[in-house]
Amino acid sequence: MPLPSAAQAIPFHTNGMRVGLLGGSFNPPHAAHRAISQFALKRLKLDRVWWLLTPGNPLKDNGRLHDLSERADAALKIAADPRIDVSCLEAVIGTRYTVDTIMHLRRRVSGVHFVWIMGADNLAQFHRWHNWRRIAAE
């Protein structure tokens, strides 16, 4: 999967949609990613969930990280739900920080209500994330 343009890296959306954002390495993507996405779609009454594949987590050793295009292809196969979109937006806009991604989406997709989806493993270290207070405020 070649990297798209910035506009193409933002999945389908329309004004008024409720979209869940699930960021991560997806190295590898697995059934739990799909399960939490489907749970969020139902419980949070979301229209879609966007899997935001990071080019590399700044808080992890990325030495064993598979190529982004390989992870994206694998994620598309695992997602297997038309309401789940896979995006490499962070690589396209040149960031590895969630706060940058959120601010980019706020500027370009203002008519969508975003809901951040996070696993307990990340929540435990959320205070270590770059500009975590801004993420929480957004």
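Residues are numbered from 1 along each chain as its sequence is written, and side-chain values use heavy atoms, with hydrogens and water left out. Because the model is predicted, local features need pLDDT of at least 70 and side-chain atom pairs count only at pLDDT 80 or more, while totals for chains, interfaces and linings use all residues.

User: In what order do the 4 strands of the open sheet stand?

Analyst: Strands (E, at least two residues) and helices (H or I, at least four) are DSSP runs, numbered from the N terminus. Two strands pair if DSSP finds at least two bridges between them. Strand 3 (84-87) and strand 4 (113-117) each have a single partner strand, so they stand at the edges with one side left without a neighbour in the sheet. The pairing is parallel, and the order is 3-2-1-4.

User: Over how many bridges do strand 1 and strand 2 pair?

Analyst: Strand 1 covers residues 18-24 and strand 2 covers residues 48-53. Glycine 23 stands opposite leucine 52 in strand 2. The two strands pair in the parallel sense, and the number of bridges is 6.

User: What angle does the direction of helix 3 make with that of strand 2?

Analyst: Axes are lines fitted to C-alpha atoms, for helices over the stretch in contact, and angles run from 0 to 180 degrees between N-to-C directions. Contact means heavy atoms within 4.5 Å. Helix 3 (residues 68-79) packs on the sheet, where it touches strand 2 and strand 3. The angle with strand 2 is about 155°.

User: Is serine 87 buried or exposed?

Analyst: Serine 87 lies in strand 3. Apart from its neighbours within four places in sequence, serine 87 is in contact with Ala9, Pro11, Trp51, Leu52 and Leu53. Buried means under 20% relative accessible area, exposed over 50%, and partly exposed in between, with a 1.4 Å probe and protein chains only. At a relative accessible area of 2%, serine 87 is buried.

User: Which residues of helix 2 are buried?

Analyst: Helix 2 (residues 31-43) has 13 residues. Its buried residues pack against strand 1, strand 2, strand 3 and strand 4, whereas Ala31, Phe39, Lys42 and Arg43 on the other side are exposed. The buried residues of helix 2 are His33, Ser37, Ala40 and Leu41.

User: At about what angle to strand 4 does helix 5 run?

Analyst: Helix 5 (residues 98-108) lies across strand 1, strand 2 and strand 4. Its buried residues include Val99, Ile102 and Leu105, and what covers the buried residues includes helix 4 (89-93) and helix 7 (132-137). The angle between helix 5 and strand 4 is about 165°.

User: What is omega for the peptide bond that joins asparagine 27 and proline 28?

Analyst: Proline 28 is found in the loop between strand 1 and helix 2. The bond from asparagine 27 to proline 28 is cis, with omega about 5°.

User: What is the phi of lysine 45?

Analyst: Lysine 45 is found in the loop between helix 2 and strand 2. Lysine 45 is exposed, with a relative accessible area of 64%. Its phi is positive in a residue other than glycine, near 55°.

Methods
Expected span 1.5 Å × (residues − 1).
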